[in-house]
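Welcome, and please load the model in your viewer. We will begin with the whole chain and then go from stop to stop, selecting a few residues each time.

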Amino acid sequence: MFSDKDIKQIKSKGITLDAVNGQLSRLKNGMTFSNLVAAATIGKGIDSYDDNEVKEFIELFEAKQKDLSIVKFVPASGAATRMFKFLFQFLQNFNPSKGSVEVYAESRNDALIALFVKELEKFPFYKEVISKIKRENIDFDSLSKDEKYLQFVKTMLDAKGLNYSFLPKGLLPFHKYGEDVKTAFEEHLFESSLYASSNGKANLHFTVSKNHQLYFSNELGRIQEAMEEKTNISFNVSFSYQNEATETVALTSDNDVFRKEDGSILFRPAGHGALIENLNTLDNDIIFIKNIDNIVVSNKNIEVSNYKKLLAGVLVEAQDKVFEYLNKLDAGNLVDTDFKVMALFLKYRLNVPIVADFEEYSDKEKTAYLKDKLNKPIRVCGMVKNQGEPGGGPFWVKDEKGNISLQIVEFAQINFSKKNQQGIVYKATHFNPTDLVCGVKDYKGKKFDLSNFIDAEAAFITTKTQNGVDIDALELPGLWNGSMAYWNSIFVEVPLETFNPVKTVNDLLKPVHQVS
């Protein structure tokens with residue numbers, strides 16, 4: 001199937017021919033759907049804590065914080081293009097000589113553009129766009145109201161203007177404090193000072209695209225000194241790219257490898273699951289994971305950040321107990337009660353079902369079994385009540401060997417043609433807003449190799465459009481889905497207020513993104 005030129009291209013990316021053939025096989029044979037057993041709900045896979053318990057977990061984390069190496073991991077490679085989808089449509093279809101913006105919005109049932117123009121001056125980038133228009137010697141004041149709207153959007157998005165659609169979300173103006181405008185990137189630095197710092201130092205790691213790193217580095221240079229002075233925290237910021245060797249091929253509807261116009265193979269980024277490699281390079285005790293666009297204005301962030309401390313406190317408590325038990329198992333001389341206590345901890349704290357005949361095992365077999373189950377990375381994931389937002393949901397899932405475990409499952413992994421699977425999804429009460437705290441070191445202080453805990457079968461196939469052609473694209477197991485399938489998982493209910501993504505530019509008008 002592959003020419004010498006193809007093989008050269010494949011190898012230049014650091015990908016083996018076997019790996020590409022494996023991708024093709026998976027695309028042609030179809031994906032393996034998750035086998036849902038039940039939705040995880042409060043008391044059945046999701047823990048919920050009262051105010052006093054929350055306070056205790058926060059205090060536990062704060063007491064340990066100075067002894068921990070902490071990093072905040074922020075996936076930030078996505079371009080902002082999708083935020084402006086309705087504005088691109090507006091640029092393409094609106095003609096001020098044929099009617100007003102209001103008429104356009106009504107005729108197309110476009111509530112987004114109606115809200116955008118109504119609240120235009122509330123956007124954090126309003127003054128920057130107006131200044132850019134005036135610098136371009138456009139006689140803005142002589143334009144009609146509708147012509148002004150059109151010029152405003154054009155200046156925002158056009159390559160000759162501010163080119164916002166080229167920028168990653170992290171470098172867009174997100175919040176406005178009087179005359180001071182801050183990017184999401186800057187707000188993440190501030191937020192890390194609230195919960196992800198230790199001994200006066202905050203480590204942050206952003207995954208970015210190669211095209212954008214210089215822009216991020218420039219922004220860091222612009223803000224770092226003032227931010228360190230404001231927070232009395234020293235910031236250590238690092239960046240990485242999605243490894244080219246994780247990219248995947250795609251198939252046409254005829255099951256042929258999709259190629260570019262020059263005949264070369266199209267390789268696509270394989271989704272956020274590829275970032276497990278980036279995560280695997282971090283050698284810290286605790287890793288907070290949060291998406292770049294899920295960030296609120298500073299005066300609302302202190303309360304939101306307390307829930308990050310809650311998750312970290314839950315992790316620290318569980319991890320301390322895991323380490324204690326593993327050291328006891330190493331030391332030996334355990335009695336039957338010790339094994340029972342550890343098995344109960346596994347079942348009720350780490351949500352790991354115990355084999356039915358565990359009690360019949362010899363002490364040696366019990367020790368080996370418990371060590372195997374306990375000695376894994378741990379993730380504590382925030383879960384918010386489902387309000388119809390898209391996102392992975394918490395479910396009990398059975399694998400091919402019959403093992404049941406807690407997983408975060410994307411809709412793309414669910415076979416909705418099966419009624420029993422549909423029924424389980426409809427009973428789901430929560431979803432994961434990409435709110436995780438991870439413990440990636442073992443009881444001897446050695447970092448786990450996270451590549452050993454991935455379920456390769458959890459890759460999924462999505463239909464995309466490339467140059468007007470439908471293609472089947474392969475995505476690696478999601479970072480918090482199949483890439484963490486064999487971790488131990490604790491799910492904790494957190495308030496909906498902790499989830500404030502910016503999916504469209506109009507989300508910046510929500511109260512959590514506006515300084516009141």
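Among contacts (heavy atoms within 4.5 Å) between residues at least 6 apart in sequence, 77% join residues at least 24 apart. Before you zoom in, note that this is a predicted model, in which local features need pLDDT of at least 70 and side-chain atom pairs count only at pLDDT 80 or more, while totals for chains, interfaces and linings use all residues. Residues are numbered from 1 along each chain as its sequence is written, and side-chain values use heavy atoms, with hydrogens and water left out.

**The whole chain**

Switch to a cartoon view: the protein has 15 helices and 19 strands (DSSP runs numbered from the N terminus, helices being H or I with at least four residues and strands E with at least two). Its radius of gyration is 25 Å, close to the 24 Å from the globule rule for 516 residues, so the protein is as compact as a globular protein of that length. That radius is taken over C-alpha atoms, and the rule is 2.2 Å times the number of residues to the power 0.38. Along the principal axes, the C-alpha atoms fill a box of roughly 85 × 60 × 45 Å.

Now colour by accessibility. Of the 516 residues, 51% count as buried; buried means under 20% relative accessible area, exposed over 50%, and partly exposed in between, with a 1.4 Å probe and protein chains only. The protein exposes about 24,400 Å², of which carbon and sulfur atoms supply 48% (Shrake-Rupley method, 1.4 Å probe; for residues, only the protein chains shown count as cover).

**Stop 1: helix H1**

Select residues 4-12, which make up helix H1, and show Asp6, Gln9 and Ile10, which are buried. They sit on the same side of H1 because they cover an arc of only 100° around the axis, an arc defined by the directions from the helix axis to the C-beta atoms. Residues three or four places apart point the same way because an α-helix has 3.6 residues a turn. Which helix do the buried residues of H1 pack against? Show residues 17-29: the partner is helix H2. On the face turned away from the buried side, look for the exposed residues Asp4, Lys5, Lys8, Lys11 and Ser12. H1 is followed by Gly14, with a positive phi near 80°.

**Stop 2: two positive phi values**

Most residues other than glycine have a negative phi. Select Asn109, a non-glycine residue whose phi is positive, near 55°. Asn109 lies in the loop between H5 and helix H6 (111-118) and is exposed, with a relative accessible area of 72%.

Then go to Thr434, which also has a positive phi, about 55°, without being a glycine. Its loop runs between strand E15 (430-431) and strand E16 (435-439). Is Thr434 buried or exposed? With a relative accessible area of 6%, Thr434 is buried.

**Stop 3: salt bridges**

A search of the whole structure finds 32 salt bridges, each a side-chain nitrogen of Lys or Arg within 4 Å of a carboxyl oxygen of Asp or Glu. Show the side chains of Lys127 and Glu179, which meet at 2.8 Å, N to O. Lys127 is in helix H7 (residues 126-135) and Glu179 in the loop between strand E5 (173-177) and strand E6 (180-183), so the pair ties together parts 52 residues apart in sequence. Glu179 is exposed, at 65% relative accessible area.

Next, select Asp285 and Lys441, whose side chains form a salt bridge at 3.4 Å, N to O. This pair ties together parts that are 156 residues apart in sequence, because Asp285 lies in the loop between helix H11 (276-279) and strand E11 (286-290), and Lys441 in the loop between E16 and strand E17 (460-466). Asp285 counts as partly exposed at 21%, whereas Lys441 is buried at 16%.

Move on to Lys371 and Asp330, a salt bridge with its closest N and O atoms 2.5 Å apart. Lys371 belongs to helix H14 (residues 363-374) and Asp330 to helix H12 (residues 298-331), 41 residues apart.

**Stop 4: a surface patch**

Last, show Phe166, Leu214 and Tyr215 as a surface: they form a nonpolar patch with about 290 Å² of accessible area together. Patches are made of residues with over 30% relative accessible area and no salt bridge, joining like charges within 9 Å and nonpolar side chains (Val, Leu, Ile, Met, Phe, Trp, Tyr) within 5 Å. Leu214 lies in helix H10 (residues 213-231) and counts as exposed at 57% relative accessibility.
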